[in-house]
Amino acid sequence: QSQPLHIGSVKTNIGHLEAAAGIAGLIKVVLAMQHETLPPHLHFHQPSPHIPWSELPIAVTQNACTWSNAEQSQFAGVSSFGFSGTNAHVVVEAGARSQESGVRSQTDRSLHLLTLAAKSAAALQELARRYVDWLPGVDADFGDICWSGQVSRSHFAHRLAIVADSKADAVAQLEAFIADPASRLMPQTPQPQCHKIAFLFTNQ
């Protein structure tokens, strides 16, 4: 009883999710691990009289509490009981915490990959021109610029990839592309076929 198993539900936060209930619970657990805090179970006022609470080492988390122990790992179980009868349970363990802040790797590299993409060849050239005008005056690390372009921009069919060691090097290569697009243009990437989406609202 001194170290009870804390229990809670994500349904009290966002309601019924049917097939997505399991992943919502997993997201809640991962966030709790990241913040090292057990969130309170909302709208819990009267425990069920049919459960022998005093005899079981469990407790509904009514108030936010710290969830960290330097000597032990964090473990959590996530259960999902689907309306169709599909039940699942996973055990999650917190991974080792990195001492570095931020998402992107802090490894220093001598070369970086700058990627550009557009819906047409003309749009790609115009995007390259904008980068030529923008890069010299921007106050940001060149590696961060390349990383952001790779992970936060859409990958359209017309693409350009440049390996450079600095903003000046990238500008020079972009200018060469603008002058002669055919010499550096990557083969056009076929776009995946878009399928129609249908929504089904049942009477459940």
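Me: Why is L31 called partly exposed?

Reply: L31 has 42% relative accessibility. Buried means under 20% relative accessible area, exposed means over 50%, and partly exposed is in between (1.4 Å probe, protein chains only). The value for L31 falls between those limits, so L31 counts as partly exposed. As for the source, this is a predicted model: local features need pLDDT of at least 70, side-chain atom pairs count only at pLDDT 80 or more, and totals for chains, interfaces and linings use all residues. Residues are numbered from 1 along each chain as its sequence is written, and side-chain values use heavy atoms, without hydrogens and water.

Me: Where is L31 found?

Reply: L31 is in helix α2, residues 21–35. Helices are DSSP runs (H or I, at least four residues), as are strands (E, at least two), numbered from the N terminus.

Me: What makes the pair R129 and E126 a salt bridge?

Reply: The closest N and O atoms of R129 and E126 are 3.8 Å apart. A salt bridge needs a side-chain nitrogen of Lys or Arg within 4 Å of a carboxyl oxygen of Asp or Glu. The pair therefore meets the rule. By this rule the count comes to one salt bridge.

Me: Where do R129 and E126 lie?

Reply: Both are in helix α3, three residues apart, about one turn of the helix. An α-helix has 3.6 residues a turn, so residues three or four places apart point the same way. R129 is partly exposed, at 35% relative accessible area. E126 is also partly exposed, at 36%.

Me: Which residues outside its sequence neighbourhood does Q125 contact?

Reply: Q125 also lies in helix α3. Leaving aside neighbours within four places in sequence, Q125 is in contact (heavy atoms within 4.5 Å) with F177, I178 and P181. A polar atom of the Q125 side chain lies 3.2 Å from the backbone oxygen of I178.

Me: How do you know that the buried residues of α4 line one face?

Reply: In α4, residues 142–152, the buried residues are F142, G143, I145, C146 and G149. Seen down the axis of α4, they fall within an arc of 165 degrees, so they line one face of the helix. The arc is that of the directions from the helix axis to the C-beta atoms. The face turned away from the buried side carries the exposed residues V151 and S152.

Me: What do the buried residues of α4 pack against?

Reply: They pack against β7 (112–118), α3 (121–134), β8 (158–164) and α5 (167–179).

Terms used. Polar contact = N/O pair within 3.5 Å; in protein donor to acceptor, adjacent residues only side chain to side chain.
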